[in-house]
Amino acid sequence: MKITGIAAAVLLLGVLAFGGYWLWRLQSNITTSALGAGGVRTEGPVDDGKDRLQILVLGSDTRTGKNGQYGSTADSSGYGQSDVMMLLDISADNNNVNVISFPRDLLVDVPACTDHTTNQQHQARRSVMINSAMADAGIGCAVDTVNKLTGLEVDHFMMADFNAVKELSNTVGGVDVCVNTAVSDPDSGLRLPKGTSKVQGDQALAFLRTRHAFADGGDLGRIKAQQSFLASLTRKLKTEGTLGDPQKVLSIADTMTKNLTVDDGLASVPTMLTLAGRLKNIDPAKVNFITVPTVPAPSDPNRLALNEPAATDLFAALRRSADLTQSAPAAAPSTDSPSTAAAPAYNKALQPVTVANGTSVTGRSSEIGALITGAGFTKLARIQAQPRAQSMVYYGAGFADVAADIAGIFGLPPTSVQQVPGVQGVQFYAGEDFTTGTKPTPPAAQDSGGVVAQTANDQTCQATSAGG
């Protein structure tokens, strides 16, 4: 009995020592940063074990430290740009998980931010790429930007770098991916035969980074590949029971904590284990991958703008519930008749409006001008302008309401209305999308696969570009 008791005591001490070592090791690995950068929060802290949870997952392209092999600090340094930005949304009952991707080329308004590491203040900026929010003012600014854009309040964030992808893919023994034709992309280093391949290490990173190999060579093709990679990783972890195996969880946790930066609220091993416990039983068919709806930006066809009203509808649905199958509440019937609708808080006849003819059609400004004067804006001027692809409304200080009404005449979304220094009053710049008819031709929406592009249960093959 004495021998048995001593053996049990030794075993217990060994278990405690093992657990204490891993707790110390994982906790020592964790790097933290502030959750926000000055943005106002109206919600209190969440219970990570049972509340709805929203985690912003960021991929940094920084070349500092271990990432120097992928370029020089002249390419990207410091925080880096958030070239991957996904919002992980977990329902309170764990029955619904959404992964919402924000294209790096999406033009958004970035709020004023304070970098809590340097205490440097950054002014608000209009219509800049969403990935620049983190590069200039830190991770918290990326969180505040997503909050401003969506109307949500992100609870936590995780930021990973290039090395994290390499080491995680090695730790899990590789991830299966599929391409419909062979790929050889010299820019990213991705080389794959047609069909399904297992990628890990540098090839896993190349699969996630490549832009030129997939679809049209743009960011949306890369997002689809990233979503497929994560779907395949989810299936692998689920089928192999990884998240239910303490040794495998410790190995993954060790890899990730060495390569992650998280907010203070997520910076404890028990919290991370709680999160892993919530995810281990989720049905892959309930993990939805979604790309924010976009169109080519009117100001720059190489950039993206929100596709309205689809984007606003998506954000509203997410604010209501993580279950996107729920229908929107019925709108209350309007009590205003056309005869009693509120009149503009200005005299239309006194507002200076200019039609800039960028349609390449001679005399087109007269036809468009007649539509504007017919709506009551009679103080009209017309000028010839350089051709441009899409119509825009520009306005000077103090004319935002007039600009919105001019845009409304032609059915233009808010993304086609911009304040520009030097414009007197409002300028309607007609583009080549408005050569005929009474409204510009709407820009073709980028293919984001509808609301849900795919689930983690879907096994997809990536369409490759001609150059890939």
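Two disulfides are found in this predicted model, where a disulfide is a pair of cysteine sulfur atoms within 2.5 Å. Counting the bonded cysteines along the protein chain, the pattern is 1-2, 3-4.

Let us begin with Cys 113 and Cys 141, whose sulfur atoms lie 2.1 Å apart. The link of Cys 113 and Cys 141 is right-handed, with 75 degrees about the S-S bond. It connects distant parts of the chain, 28 residues apart: Cys 113 sits in strand β6 (residues 113-115) and Cys 141 in helix α3 (residues 139-150). Buried means under 20% relative accessible area, exposed means over 50%, and partly exposed is in between (1.4 Å probe, protein chains only).

The other bond joins Cys 178 to Cys 461, with 1.8 Å from S to S. The link of Cys 178 and Cys 461 is left-handed, with -50 degrees about the S-S bond. Because Cys 178 lies in strand β10 (residues 175-179) and Cys 461 in the segment after β23, this pair ties together parts that are 283 residues apart in sequence. Cys 178 counts as buried at 15% relative accessibility, whereas Cys 461 is partly exposed at 42%.

A word on conventions before we move on. Residues are numbered from 1 along each chain as its sequence is written, and side-chain values use heavy atoms, leaving out hydrogens and water. Because this is a predicted model, local features need pLDDT of at least 70 and side-chain atom pairs count only at pLDDT 80 or more, while totals for chains, interfaces and linings use all residues.

Now for the wider view. The protein chain has 11 helices and 23 strands, and buried residues make up 48% of its 468 residues. Of the contacts (heavy atoms within 4.5 Å) with a separation of 6 or more, 73% are between residues 24 or more positions apart.

Eight strands build an open sheet with mixed pairing, in the order β1-β14-β9-β2-β3-β4-β15-β23; two strands pair if DSSP finds at least two bridges between them. The edges are β1 (31-33) and β23 (454-455), each with a single partner strand, so one side of each has no neighbour in the sheet. Helix α6 packs on this sheet, touching β3 (82-90), β4 (97-101), β15 (287-291) and β23, and its direction makes about 170 degrees with that of β15. Such angles run from 0 to 180 degrees between N-to-C directions, with axes fitted as lines to C-alpha atoms, for helices over the stretch in contact.

The largest nonpolar core has 43 residues, of which Phe 207, Phe 229 and Val 262 touch the most other members. Helix α6 (residues 219-239) gives the most to this core, with five residues. A second, separate core of 36 residues includes Phe 102, Ala 133, Leu 152 and Leu 314. A nonpolar core is a set of buried Ala, Val, Leu, Ile, Met, Phe, Trp, Tyr and Cys residues joined through side-chain atoms within 4.5 Å.

Further along, five strands form another open sheet of mixed pairing, in the order β19-β18-β22-β20-β21. Its edge strands are β19 (380-384) and β21, each pairing on one side only. Three bridges join β20 to β21 in parallel, and Tyr 394 has Gln 418 in β21 as its bridge partner. Helix α10 lies across β18, β19 and β22, at about 150 degrees to β18, while α11 lies across β18, β20, β21 and β22, at about 165 degrees to β20.

Just after α11, Gly 411 takes a positive phi of about 70 degrees.

Key
Helix = DSSP H or I, 4+ residues; strand = E, 2+ residues; numbered from the N terminus.
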